[in-house]
Amino acid sequence: MADNAELLKALADEIRGCKACRLYEQATNSVPGAGHPNAEVMFIGEGPGYNEDKQGLPFVGQSGQYLDYLLNLINLKRETVFIANVVKHRAPDNRDPLPDEIQACCGFLDRQEQIIDPLVIVTLGRFSMARYFPNAKITAIHGKPKYETRRACLPLFHPAAVLRNPGLRRDMEADFKRIPELVAEMKQRRQSAAPAPSSEGPKPSEPPSEPPVQLKLF
Ligand code: URA
């Protein structure tokens with residue numbers, strides 16, 4: 001059976017060839033997502049910006065620098081998490097993605113989630129929040145996790161919103177610091193729900209202790 005890295009790579013190749021909506025027409029590169037194939041934490045942003053479009057990698061501009069700062073606050077290395085977006089091609093002039101574009105792209109994110117099966121999904125901003133918390137307001141629910149059977153979803157502000165409005169910084173950083181406790185909690189929940197490990201049969205997938213796999217551009 002193909003391992004997660006291979007499955008994610010095959011999916012990234014599909015994303016690179018995707019013409020399901022108009023966004024590919026003006027994009028330089030698609031941005032499938034990057035990170036560890038067995039990540040415990042998956043971050044989901046809105047869509048690639050200027051720098052991401054140029055490099056084919058998620059969160060590499062100013063928002064990405066702030067995301068790195070936040071990851072550092074909780075001692076998480078970028079290579080141990082997976083970072084993806086709701087739409088995989090940049091929208092012209094960084095406009096908001098349109099409903100039909102989000103719809104056309106959502107199957108890719110569904111499959112990334114299924115493959116990685118993270119303990120915690122962190123949404124960054126309104127568009128990814130809407131996928132897990134329909135009709136919610138970010139100002140009302142930021143930092144409040146929702147528990148599902150195998151994972152928790154934590155809605156956070158978008159890093160760009162915090163850079164534009166430094167008044168949000170304190171909340172953002174407090175919300176971010178909830179991530180480690182949520183990971184520990186979900187690990188425990190999965191363990192107590194799991195049948196006792198048998199000495200035979202396949203081992204559960206290991207948490208990210210092996211070297212990370214960065215999805216290549218080409
Ligand atoms: N903003 C996003 O939502 N995603 C990126 O990848 C970069 C900036």
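1. How many salt bridges does a search of the whole structure find? The search finds 20. A salt bridge here is a side-chain nitrogen of Lys or Arg within 4 Å of a carboxyl oxygen of Asp or Glu. Side chains of opposite charge can pair when their charged atoms come close.

2. A word on the model. This is a predicted model, in which local features need pLDDT of at least 70 and side-chain atom pairs count only at pLDDT 80 or more, while totals for chains, interfaces and linings use all residues. Residues are numbered from 1 along each chain as its sequence is written, and side-chain values use heavy atoms, with hydrogens and water left out.

3. Start with Arg111 and Glu14. Their closest N and O atoms are 2.7 Å apart, and the two form a salt bridge. Arg111 lies in helix 4 and Glu14 in helix 1 (residues 4-16), so the pair ties together parts that are 97 residues apart in sequence. Helices (H or I, at least four residues) and strands (E, at least two) are DSSP runs, numbered from the N terminus. Arg111 is partly exposed, at 33% relative accessible area. Glu14 is also partly exposed, at 41%. The classes are buried (under 20% relative accessible area), exposed (over 50%) and partly exposed (in between), with a 1.4 Å probe and protein chains only.

4. Next, Glu101 and Arg95. They form a salt bridge, with 2.8 Å between the closest N and O atoms. Glu101 is buried, with a relative accessible area of 0%. Arg95 is partly exposed at 29%.

5. Arg126 pairs with Asp96 in a salt bridge, the closest N and O atoms being 3.4 Å apart. This pair links distant parts of the chain: Arg126 is in helix 5 (residues 126-132), and Asp96 is in the loop between strand 3 (82-85) and helix 4, 30 residues apart. Asp96 is partly exposed, with a relative accessible area of 37%.

6. There is also a network. Salt bridges link Asp110, Glu113, Arg131, Lys146, Glu148 and Arg151.

7. Now strand 3. Phe82 and Ala84 point one way from this strand, Ile83 and Asn85 the other way, and all are buried. Strand 1 (residues 34-35) runs antiparallel to strand 3, joined by two bridges. Gly35 stands opposite Phe82. Strand 2 (residues 41-45) pairs with strand 3 in the parallel sense, over four bridges. Gly45 has Asn85 as its bridge partner. Two strands pair if DSSP finds at least two bridges between them.

8. Which residues lie nearest the centre of the largest cavity? They are Cys18, Ala20, Cys21, His89 and Cys105, from a lining of 13 residues. Helix 4 (residues 99-116) gives the largest share of that lining, three residues. The lining divides into 10 nonpolar, one polar and two charged residues. About 80 Å³ of space lies in this cavity. The whole structure holds two cavities of 30 Å³ or more. On a 1 Å grid over the protein atoms alone, a cavity is a set of points where a 1.4 Å probe fits but cannot get out; a pocket is an open set with protein on both sides within 12 Å along at least five of seven lines; lining residues have an atom within 4 Å of a point.

9. The second largest pocket has about 670 Å³ of space. Its lining numbers 29 residues, with Glu46, Ser63, His158, Ala160 and Arg164 nearest the centre. Helix 2 (50-55), helix 3 (62-73), helix 6 (138-141) and helix 7 (159-164) are the elements that each give two or more residues to this lining.

Notes. Grid points are joined across faces, edges and corners, and a volume is the space filled by probe spheres set on the points. Ala, Val, Leu, Ile, Met, Phe, Trp, Tyr, Cys and Pro count as nonpolar, Asp, Glu, Lys and Arg as charged, and the others, Gly among them, as polar.
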